[in-house]
Amino acid sequence: QVQLVESGGGLVQPGGSLRLSCAATEFTNDYYSMGWFRQAPGKEREGVSCISSSDGGPYYVDDVKGRFTISRDDVTNTVYLQMNSLKTEDTAVYYCALSVVNGACSVVWYDYWGQGTQVTVSS
């Protein structure tokens with residue numbers, strides 16, 4: 001069974017940075033997508049950033065473009081999200097997820113989910 005283990009969340013001041021990591025275990029597929037989703041209280045879970053094994057560029061939701069960077073290490077099946085210039089509105093529980101079909105950055109295409117990690121941006 002695929003397991004996704006997240007780390008890197010925490011409390012940071014506005015303008016600060018965090019780096020989230022998510023490692024997939026018991027997984028040997030060569031082609032897959034991984035992504036980061038977030039859910040704030042009272043809101044739907046949204047795709048923040050996703051990256052596939054294809055040559056296409058990664059996806060970023062509009063309000064994180066230029067601030068967040070997604071990357072992946074296929075040797076360790078790990079995805080990272082570097083978050084810079086954090087804003088209070090970035091506060092949410094962040095979930096990593098894996099898709100075996102390299103689908104769009106939408107919850108309907110992702111099959112496996114991490115446990116979530118809290119990111120709080122506050123002064």
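View 1. Asn77 sits in the loop that runs between strand 7 (68-73) and strand 8 (78-83), where strands (E, at least two residues) are DSSP runs numbered from the N terminus. This is a predicted model, in which local features need pLDDT of at least 70 and side-chain atom pairs count only at pLDDT 80 or more, while totals for chains, interfaces and linings use all residues. Residues are numbered from 1 along each chain as its sequence is written, and side-chain values use heavy atoms, with hydrogens and water left out. Because its relative accessibility is 10%, Asn77 counts as buried (under 20% relative accessible area; exposed is over 50% and partly exposed in between, with a 1.4 Å probe and protein chains only). The side chain of Asn77 makes a polar contact with the side chain of Tyr32 at 3.0 Å (a pair of N or O atoms within 3.5 Å, one able to donate a hydrogen and the other to accept it; residues adjacent in sequence count only if both atoms are side-chain atoms). Beyond residues up to four places away in sequence, Asn77 touches Cys22, Ala23, Ala24, Phe27, Tyr32 and Met34, contact being heavy atoms within 4.5 Å.

**View 2. The disulfide of Cys22 and Cys96.** The sulfur atoms of Cys22 and Cys96 are 1.9 Å apart and form a disulfide (a pair of cysteine sulfur atoms within 2.5 Å). This pair links distant parts of the chain, with Cys22 in strand 3 (residues 18-25) and Cys96 in strand 9 (residues 92-99), 74 residues apart. Both Cys22 and Cys96 are buried.

**View 3. The disulfide of Cys50 and Cys105.** In this second view, Cys50 and Cys105 form a disulfide with sulfur atoms 2.0 Å apart. Cys50 belongs to strand 5 (residues 46-51), whereas Cys105 lies in the loop between strand 9 and strand 10 (112-113), 55 residues away in the chain. The torsion about the S-S bond of Cys50 and Cys105 is about 65 degrees, so this disulfide is right-handed.

**View 4. The nonpolar cores.** The largest nonpolar core has 29 residues, and those with the most contacts inside it are Leu4, Met34, Trp36, Phe68, Leu81, Met83 and Tyr94; such a core is a set of buried Ala, Val, Leu, Ile, Met, Phe, Trp, Tyr and Cys residues joined through side-chain atoms within 4.5 Å. A second, separate core of five residues includes Phe37, Cys50, Cys105 and Tyr110.

Note on methods. Helices (H or I, at least four residues) and strands (E, at least two) are DSSP runs, numbered from the N terminus.
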